[in-house]
Amino acid sequence: MDWKIPLFKIYWDEADVELVKEAIQRGMFWAIGPNIEKLENMLAEYVGIRYALVFNSGTSALHTLLLAYGIGQGDEVIVPSFTFIATTNAPLFVGAKPVFADIEERTYGLAPEDVERRITPRTKAIIPIHYGGSPCFIRELKQVAKEYNLILIEDAAESLGASVDGKKVGSFGDAAILSFCSNKVITTGEGGAVVTDSAEIYERLKLTRSHGRAETANYFSSTEYMDYVALGYNFRMSDITAALGIAQLGKIDRVIEMRRKNAEMLSAKLSQLAEIEVPHPPDNSFHVYQMYTIRVKDGQEQRDSLLAYLTQKGIMTKVYFPPVHLTHFYKNELRYNCELPVTERLSQQVLTLPMYPSLTEDEIEYIADGVAAFFSQKGK
């Protein structure tokens, strides 16, 4: 469909074009090259962490991170069901069992008290997500992880740049993953990263990312034999992609400022509607609005009607997220039967509206008027 207002638009400028052009015109080092290390150093500095490694996707990053921590058969990993499915699939990739915990209503992140209730002797790690650009209650989750000696992995795929009391998400846990997929705060089309303070985990990640090869030089431009010392994959990001990442990361603060300004304008208009609830992050958190999600208080039937109504007006909306534990694969193939009342209730209410840096005031007005018109006609 040709949307009048799509759910997201990629924000780019000439810096993106020029850096990618330079990488291409170099005529070599398109796979492993200098932009990889530069982007990794920039990410580590931005998040406030010692190490960063880039990957071909956030999913690959999370898969590799679980391998690096030795998580496998017989282990349990506590995850939300209110997330993109990669979060919950990653434990399955390594033979572990994802255990679903419920979420809380303020940030849509894992509820610390419910996480604690799900811990067993087999629990090895907790993977909370920072939903849609909003930090979850990560300090409280970190305390739970510390008390039970569990690995805390932040899924910050949607929230690069978000923070709690000035401390960036991704810097609270033992490690974190990021995503640069096309709808994220900054994007390389596809791509991801791991950030961590652990030198040991960093070295394991490097091996697994590139075939288990102990690399001491650029493999494609060296005659040196490099031994294969572990099982690995080809999860590398290309140097051309990294060039785009450098350009995108260089303007992230401006991009976030634009997102926040647009979200503020949209909230000012929509908060007047009693039928919905707009985002209201905790006072100590910094929301970067990778997504702008409202809640339709009357539930799924009215939410779905609103989605259909806005579609007719050319406004794209989407439900983020239907619960993972209710998907065919988890319910019918894996036979999950979970009690997650908050997850199921909120999943029937949430609707993500268009949000991107270049959203104009006229477009914001059009979205808000569309939502208001729907509820006005429903009241007649």
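Predicted model: local features only at pLDDT ≥ 70, side-chain atom pairs only at ≥ 80, totals over all residues.
Residues are numbered from 1 along each chain as its sequence is written, and side-chain values use heavy atoms, leaving out hydrogens and water.

Back to our pair. Helix α9 covers residues 252-270 and helix α13 residues 361-378; their axes come within 10 Å and cross at roughly 30°. That makes α9 roughly parallel to α13, a label for angles under 35 degrees, with over 145 roughly antiparallel, 65 to 115 roughly perpendicular and the rest oblique. Axes here are lines fitted to C-alpha atoms, for helices over the stretch in contact, and angles run from 0 to 180 degrees between N-to-C directions. Helices (H or I, at least four residues) and strands (E, at least two) are DSSP runs, numbered from the N terminus.

Who makes the contact (heavy atoms within 4.5 Å)? On α9, the residues include Met265 and Leu266, and on α13 they include Ile364 and Val371. By class, there are seven nonpolar, one polar and three charged residues. Nonpolar covers Ala, Val, Leu, Ile, Met, Phe, Trp, Tyr, Cys and Pro; charged is Asp, Glu, Lys and Arg; the others, Gly among them, are polar.

Now, the sheet. Seven strands form an open sheet in the order β1-β9-β8-β5-β4-β2-β3, with mixed pairing; two strands pair if DSSP finds at least two bridges between them. At the edges sit β1 (51-55) and β3 (97-101), each pairing on one side only. On average, neighbouring strands are turned by 25° against each other, direction ignored.

Let's zoom in on β8 (residues 175-179) and β9 (residues 192-196), which pair in the antiparallel sense over five bridges. In that pairing, alanine 176 is opposite valine 195 of β9.

Helices cover this region too. Helix α2 (residues 34-47) lies across β1, β8 and β9, at about 130° to β1. Helix α3 (residues 58-68) touches β1, β5 (151-155), β8 and β9, and its direction makes about 160° with that of β8.

Finally, α2 also packs with helix α8 (residues 239-249), at about 35° and with axes 8 Å apart. This crossing is left-handed. Among the contact residues are Leu39 and Tyr46 of α2, and Ala242 and Ile246 of α8. Thanks, everyone!

Terms used
Contact = heavy atoms within 4.5 Å. Left-handed = near helix turned anticlockwise from the far one by under 90°.
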